There are 2 protein chains.
Amino acid sequence: MNRTQLVEQIRQKQTYLCVGLDTDITRIPDHLRTHPDAVFEFNKAIIDATLPYCMSYKINTAFYESQGWKGWEAMERTVRYIPDTHLKIADAKRGDIGNTSAQYAKTFFEVLPFDAITVAPYMGEDSIRPFLEYTNKWTIVLGLTSNAGSHDFQQLQVSGSGAGKRLYETVLEKVARWGTPGNLMFVIGATRADELAEIRSIIPDHFLLVPGVGAQGGSLEEVSRYGMNKDCGLLVNASRAIIFAGNGEDFAEAAKKVAKEYHTEMATYLQAL
Amino acid sequence: MNRTQLVEQIRQKQTYLCVGLDTDITRIPDHLRTHPDAVFEFNKAIIDATLPYCMSYKINTAFYESQGWKGWEAMERTVRYIPDTHLKIADAKRGDIGNTSAQYAKTFFEVLPFDAITVAPYMGEDSIRPFLEYTNKWTIVLGLTSNAGSHDFQQLQVSGSGAGKRLYETVLEKVARWGTPGNLMFVIGATRADELAEIRSIIPDHFLLVPGVGAQGGSLEEVSRYGMNKDCGLLVNASRAIIFAGNGEDFAEAAKKVAKEYHTEMATYLQAL
């Protein structure tokens, strides 16, 4: 899915919601847990229920890998189940030397039909470049994350590349030069107005994947007000808040209800575009 | 494997070689490539041939994931094949928010019997902590990597935490406080004497996993001279230089020959301890 298609789909669907399939098998409703293909069955029901209300699905690879190769197979079946009208993100946080990153890119862009993958920036340009070489695929680089640990390194002041700049700002600046707003996004866990304004001054055009709305606790209104650009430029993720909204036989209905609420709220912010 | 056992094994085996199983299926010898279980058969032969000459095996997850769930299964069979006398490292470069890192830790330390995993530091303490909570397991955090991209961020000067310090030095300092030399190692791709001396002044006791000897081109002598501590404190990796030393039916013999050369050289450096 290229940028034109992405923006068009957002306008059409009136949503920039990303549903995070962090499918923790211990939190799947009881009636499904003993199913031989529990993870996929759960995901299938969630996808069917939320499809009209979201723009994207984000598969968190950790929750599949922890089920061994069967989990990996469930991930494969899940990503193939998601229709092409929705952006398919592998939340994998990969990144290694060039020849190894090339293998990860092959994994998620060729072996599996993902549109996008999250990548960690610590190892620099040659660790990110192999992902960017794919046409109509997206590399989503960690900028500022939403967890407490983001203060340990991302918020450090960096010298030598402009006064008072923080590491994550240097990451945004530098990485932005390696790709384009057509193949590169950033993970931005910021919800504060001043941070988002600062970030938008560095990368005005890029899409931002925003975690931390819902269980991780950011405000959708703030993010939308300060993070949106003329093409929307946002994918806002909610995982547990949607997929584990209920834990009975009506779990998919409960998920649908929450996704629909996000959709309603997002549609109002999109009106302002 | 705890630190006492690791040091004891190094003394006994007279080697600190780590063999990197970067098993690229396109580089496997022709006669094996059509085998239904080619990756595992290749690894098995390499392990059998190199076992007396190395201390550790490092499985680079990217090369397995790129074969889909079957590759994941081959990784599982490979790690189970390595005997407990050798440290089993998952070179996975994972790292995410706490609940997700906990899933990765479960994957590599419980579902799979790895002793150690490589982890990226960008997301900070709560992304690393879940790995450190396992007893007799090792978390190997990226410090200074050996690729060109290490200059992009790792070598940036950081202010506010001491004058003239580089990001990777701050990473070493800070991360060292979260664990102990008994559960924490660092990836250090340095081969220059001055860098290694500086690194040893920050983390004198930790084991360093050193990539970049062999195909990536560092000098084993330099690394050993400036990186060793009283417990050896080094695991030096070679991947392609060993496993793809030959590409005929005698590939395992060729691998053995190179591993044996490393062993001979390492034994001389260990004499000096």
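The structure is a predicted model, in which local features require pLDDT of at least 70 and side-chain atom pairs count only at pLDDT 80 or more, whereas totals for chains, interfaces and linings use all residues. Residues are numbered from 1 along each chain as its sequence is written, with chains lettered from A and ligands numbered from 1 in the order in which they are written.

Strand 2 (residues 56-60) and strand 3 (residues 87-94) of chain A are joined in the parallel sense by 5 bridges, and A:Asn60 lies opposite A:Asp91 of strand 3 of chain A.

In chain B, the axes (lines fitted to C-alpha atoms, for helices over the stretch in contact, with angles from 0 to 180 degrees between N-to-C directions) of helix 3 (residues 38-50) and helix 12 (residues 251-271) come within 8 Å and cross at roughly 40°. Helices are DSSP runs of H or I with at least four residues. Helix 3 and helix 12 of chain B are therefore oblique to each other, a class left after angles under 35 degrees (roughly parallel), over 145 (roughly antiparallel) and 65 to 115 (roughly perpendicular). Contacts (C-beta atoms, placed from the backbone, within 7 Å) link B:Ala45, B:Ile46, B:Asp48, B:Ala49 and B:Thr50 of helix 3 with B:Ala252, B:Glu253, B:Ala255, B:Lys256 and B:Ala259 of helix 12.

Conventions. Helix = DSSP H or I, 4+ residues; strand = E, 2+ residues; numbered from the N terminus. Contact = placed C-beta atoms within 7 Å. Pairing = 2+ DSSP bridges.
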